Amino acid sequence: MERVKKNIFPVSNEKYNIRKALNEWVYEGNMFDVEVADEICELCDQPHIRYQFEIVNTQNDNSLLIGSECITRFRISVIDEAGKKLSYEDAKKKVSKDRSRLVTEAKEKSVLNALVKLATIDNEFAIEDFIQYFKERKAFTPKQLTFLVWRLERAKIEFNKSHFKLTIKKNREKEQLLSLEDWRLRSIWDCLSSSQKQFISEKRIFRF
């Protein structure tokens, strides 16, 4: 709390009562992914912040970039899209939803970045169809995924397999997955969700 006082009083109209000072601030939905977790929360000084949430002082228009947890921890008011102040429970839900959206968007961006990098290295790789498919479905079919993982690893491009999602909503996609050789299935295992791994274990014998 002493760190919070040190940071909040200089940019608030209230200079003595911490609760009154915090009540001057609101979160209206502005948030940013700086991509590398090396920022510091401007409210509590917590290091290693990647996802920044902007709070604004309603009395003097000052702003701070803070971590999402500080919004609920210090009961910063949250304003929805209609300009309505949310209850504490609804505020927690909105902040959690906003952060989840940032994380999802960051994962999707990392996939697209890996594909673009692959296209610059691998002249045989036609990126456009894969990007279009991913933008529409946010995932790849089993055949697409095994192909991509193979090409990315062959090109020695760093990527996070858990960001590459698999879709098996259609029967032909389920059949593709179940017909994969063990070594191909092992190559995309970290891309699968828990339910997809369970689906495989129930439908076929797989030696990891």
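Predicted model: local features only at pLDDT ≥ 70, side-chain atom pairs only at ≥ 80, totals over all residues.
In the hairpin formed by β2 and β3, 5 residues lie between the strands, and aspartate 61 adopts a positive phi near 70 degrees.

Methionine 31 has phenylalanine 53 of β2 as its bridge partner.

Strand β2 (residues 51-57) is largely enclosed by the rest of the structure, because 7 of its 7 residues are buried. In a regular strand, side chains alternate between the two faces of the sheet. Both faces of β2 are covered: one side carries Tyr51, Phe53, Ile55 and Asn57, the other Gln52, Glu54 and Val56, and all of these residues are buried.

The cysteines were examined for disulfides, for which the two sulfur atoms must lie within 2.5 Å. The sulfur of cysteine 41 has its closest cysteine sulfur in cysteine 44, at 3.8 Å, which is too far for a bond. For cysteine 44, the closest cysteine sulfur is that of cysteine 70, at 3.5 Å, and this separation is likewise too far for a bond. Cysteine 41 counts as buried because its relative accessibility is 1%. Cysteine 44, with a relative accessible area of 8%, is buried as well.

Key. Residues numbered from 1 in each chain as written. Heavy atoms only, no water. Buried < 20%, exposed > 50% of the residue type's maximum accessible area, 1.4 Å probe, protein only. Helix = DSSP H or I, 4+ residues; strand = E, 2+ residues; numbered from the N terminus. Pairing = 2+ DSSP bridges.
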